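This briefing goes through a single structure by topic. Please have the sequence and the coordinates open while reading.

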Amino acid sequence: MNNYVILKGKKDRLVIHLNSEVDFLTLRDSLVEKVREARNFIGNVQLAIEFSNRILSELEENVLIDLIKLNSDINITYVFSESGPEKKDKIKFFKAVTEEGPTKFFKGTLRSGSKLEYDGNIVILGDVNPGALVRARGNVIVLGYLNGTIYAGLDEDSDAFIGANFMNPIQMVIGAVTAKPMQKEILDTNKIDRKGGFKIAYIRNNEIFIEDFSTRSFCE
């Protein structure tokens, strides 16, 4: 058993000590494992939680909060966390996804021929391979490679967004707007973004723009 995540009880809060060196996906899986193990011990309580030892982005923090809610009976009353410079410039996209409506969490890889649809938001804890299809009435977040076809904001919701750690969709549609092709040949691995860095796609001036959250620059 790894110690990437350590749960410690304090008088007024649950402290979640996070390893500062492992990648976020490994940290995420470790958190789910530890929270599930402690579920019966902690019970149904109201608690503040504190993330320590690691600076989290707004998105990472909200993903961890949502996973704690899904895998425990804790009613989170407040969140303390390490703060970084990026926390000063909050983006409306990064409210906890579950606070924006019903959310479906899917863990695993969507392979070619797979289809995932939901009448709300979708969070995928894994990859979307070429040939896979994702359709959501709300927002979509992919914590992995997005290499398939993805629709967000069905019913022409122009406020919806799509986020991914590796943004390489064959086709991407938000509301009634279709993005320009991002890859001419998805199977040409030289053209696939493997550097990572969380990106968000959203509608601006009737076009889909992609913001690289690591550099905070805009590009088509």
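Predicted model: local features only at pLDDT ≥ 70, side-chain atom pairs only at ≥ 80, totals over all residues.

- Beyond its neighbours within four places in sequence, L18 contacts Y4, V5, L27, F51, S52, N53, R54, L56 and L64.
- As a general background, nonpolar side chains in soluble globular proteins tend to be buried together.

**Helix α3**

- Twelve of the 14 residues of α3 are buried, so the helix is largely enclosed by the rest of the structure.
- The buried positions in α3 are E58, L59, E60, E61, N62, V63, L64, I65, D66, L67, I68 and N71.
- The end C-alpha atoms of α3 are 20 Å apart, which agrees with the 20 Å that its 14 residues should span at 1.5 Å a residue.

**Five-stranded sheet**

- Five strands form an open sheet in the order β6-β8-β10-β12-β13, and the pairing is mixed.
- The edge positions belong to β6 (115–118) and β13; each has a single partner strand, so one side of each is left without a neighbour in the sheet.
- Four bridges connect β10 (residues 149–152) with β12 (residues 171–174), and this pairing is parallel.
- Within that pairing, T149 has Q171 of β12 as its bridge partner, and I150 has M172 of β12.
- β12 and β13 (residues 177–178) run antiparallel and are joined by two bridges.
- The bridge partner of I174 in β13 is V177.
- Two residues separate the strands in the hairpin of β12 and β13, where G175 takes a positive phi near 60°.

**Aromatic pair**

- The count of aromatic pairs comes to one.
- The pair is formed by Y145 and F166, whose ring centres are 4.0 Å apart and whose planes are at 15°; the pair is stacked because planes under 30 degrees apart count as such.
- Y145 belongs to strand β9 and F166 to strand β11 (residues 161–167), so the pair ties together parts that are 21 residues apart in sequence.
- Are the two residues buried or partly exposed? Y145 is partly exposed, at a relative accessible area of 22%, whereas F166 is buried, at 16%; the cut-off for buried is under 20%.

**Loop residue S112**

- S112 sits in the loop between β5 (103–107) and β6.
- With 56% relative accessibility, S112 counts as exposed, the cut-off for that class being over 50%.
- Leaving out neighbours within four places in sequence, S112 is in contact with N129, P130, G131 and A132.
- From S112 to L133 the C-alpha to C-alpha distance is 8.2 Å, and the two are 21 residues apart in sequence.

Definitions and conventions. Residues numbered from 1 in each chain as written. Heavy atoms only, no water. Contact = heavy atoms within 4.5 Å. Pairing = 2+ DSSP bridges. Expected span 1.5 Å × (residues − 1). Buried < 20%, exposed > 50% of the residue type's maximum accessible area, 1.4 Å probe, protein only. Phe/Tyr/Trp six-rings, centres within 6.5 Å; stacked < 30°, edge-to-face > 60°.
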